[in-house]
Amino acid sequence: MNVIPDISVIVASKNGQETIEECLTSIEKQKENHLLEIIVETDNSKNGTSQIIKNRFPEVKLIEFSKPALIPELWSAGIEASSGEIIAITIAQCIPAGNWVSKIIESLKLPYSAVGGAIENSETSSLTDWALYFCRYSNYMIPFTEREVHDMAGDNAAYKRKVLEPYKEIIKRGFWENIVNAALINDGLKILLTPNIVTVYKNSYGIISFSIQRFFHGYHYGHKRAVPFPIIKRFVFILLSPLIPFIHLYRIAHRVMNRNRHGRKLLISLPILFIFLLCWSVGENCGYISGIFKKHESP
């Protein structure tokens, strides 16, 4: 008789060789209190990540991609292979706190269908790491108030399996959290964001690799967003797209000032941060442009 795990932890590993061992060690320690299924998906990079997993974590279910893949595509493969009643997703660069699994299970009580948590940055981070952190995670920096939200970062998130069942076709095309979360909210489901579920981000990206990732993620966001737009609205978004990096920068600076943390780090990492924001913006604009050639349709 197959035993259903309390929770399936899906770890997407892209350039994760420097942090995958610490990430999985933290998760495996939590097996003492919960029945866990751990699934790691690695991209096709030849950096030794898969071998580390095979040597150090033989009980982990490993899915190896033979071609380049984005993080949402890795998550999608892991979710399809999972069996737990709860599906938690993260990345190799995030090190979960020792009570991470317990807090996820505790938080996923009615009326919530999904939960997201805090993402802190490692104090040993480089200037590039801080720029990346502000670009991607400033909204999840402690302190913040536990609250219902419409979206959350997939890098520290969990969902009830039964909640995701109706969205299988969407997820097969990649677990893009903004699309999945929007579908949940549209169907009247509730998402909780709490500072009690904590991971610490330890970057192993470089400026070039993260800039490329930002471009492609921005492109996907812009392309999907533009598809249901009438043609005039698409052109308006294209014309306004030069404002995108400045809007993002304003929001990041506002969060940092309000939370009264890491202001100096933001200031000195600003030039690199702006590069990342610009790459996203160019990608988003290209996505809007590509949408022009798509027929007007429902998302």
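1. P111 is placed in the loop between helix 4 (100-107) and strand 6 (112-121), where helices (H or I, at least four residues) and strands (E, at least two) are DSSP runs numbered from the N terminus. The peptide bond that leads from L110 to P111 is cis, with omega near 10°. Most residues other than glycine have a negative phi, and most peptide bonds are trans.

2. Before going further, please note that this is a predicted model, in which local features need pLDDT of at least 70 and side-chain atom pairs count only at pLDDT 80 or more, while totals for chains, interfaces and linings use all residues. Residues are numbered from 1 along each chain as its sequence is written, and side-chain values use heavy atoms, with hydrogens and water left out.

3. Which residues does K190 touch, not counting residues up to four places away in sequence? They are P111, Y112, S113, A114 and E148, contact being taken as heavy atoms within 4.5 Å. K190 and P111 are 79 residues apart in sequence, and their C-alpha atoms are 6.7 Å apart in space. K190 belongs to strand 9 (residues 190-201) and is partly exposed, with a relative accessible area of 32%; here buried means under 20% relative accessible area, exposed over 50%, and partly exposed in between (1.4 Å probe, protein chains only).

4. S113, which lies in strand 6, is buried, with a relative accessible area of 7%. Leaving aside its neighbours within four places in sequence, S113 is in contact with L108, Y159, K160, V163, L189 and K190.

5. N15, in the loop between strand 1 (7-13) and helix 1 (20-29), has a positive phi near 55° and is partly exposed at 21% relative accessibility. H262, in the loop between helix 11 (244-259) and helix 12 (263-268), has a positive phi of about 60°, but H262 counts as buried, at 18% relative accessibility.

6. The largest nonpolar core has 52 residues, and those with the most contacts inside it are I89, Y159, F175 and L273; such a core is a set of buried Ala, Val, Leu, Ile, Met, Phe, Trp, Tyr and Cys residues joined through side-chain atoms within 4.5 Å. Its largest share, seven residues, comes from helix 5 (residues 127-137). Apart from this core lies another, of 26 residues, among them I7, C23, L24 and A158. F175 is in contact with P72, W75, S76, I79, I89, Y159, L164 and V180, once its neighbours within four places in sequence are left aside.

7. The second largest pocket holds about 220 Å³ of space. On a 1 Å grid over the protein atoms alone, a pocket is an open set of points where a 1.4 Å probe fits, with protein on both sides within 12 Å along at least five of seven lines, and lining residues have an atom within 4 Å of a point; the volume is the space filled by probe spheres set on the points, which are joined across faces, edges and corners. Its lining is made of S76, I79, E80, S82, I87, R161, L164, E165, K168, I171 and K172. The elements giving two or more residues to this lining are helix 3 (71-81), helix 6 (161-164) and helix 7 (168-172).

8. As for aromatic rings, the count comes to 13 pairs, where rings of Phe, Tyr and Trp (its six-membered ring) pair if their centres lie within 6.5 Å, and planes under 30 degrees apart count as stacked, over 60 as edge-to-face and the rest as tilted. F215 and F216 form an edge-to-face pair, 5.4 Å centre to centre with 80° between the planes; F215 is partly exposed at 26% relative accessibility, and F216 is partly exposed at 41%. F229 and F237 form a tilted pair, 4.9 Å centre to centre with 45° between the planes; F229 counts as buried at 10% relative accessibility, whereas F237 is partly exposed at 21%. Ring pairs also link W130, Y133, F134, Y137 and Y201 into a cluster.
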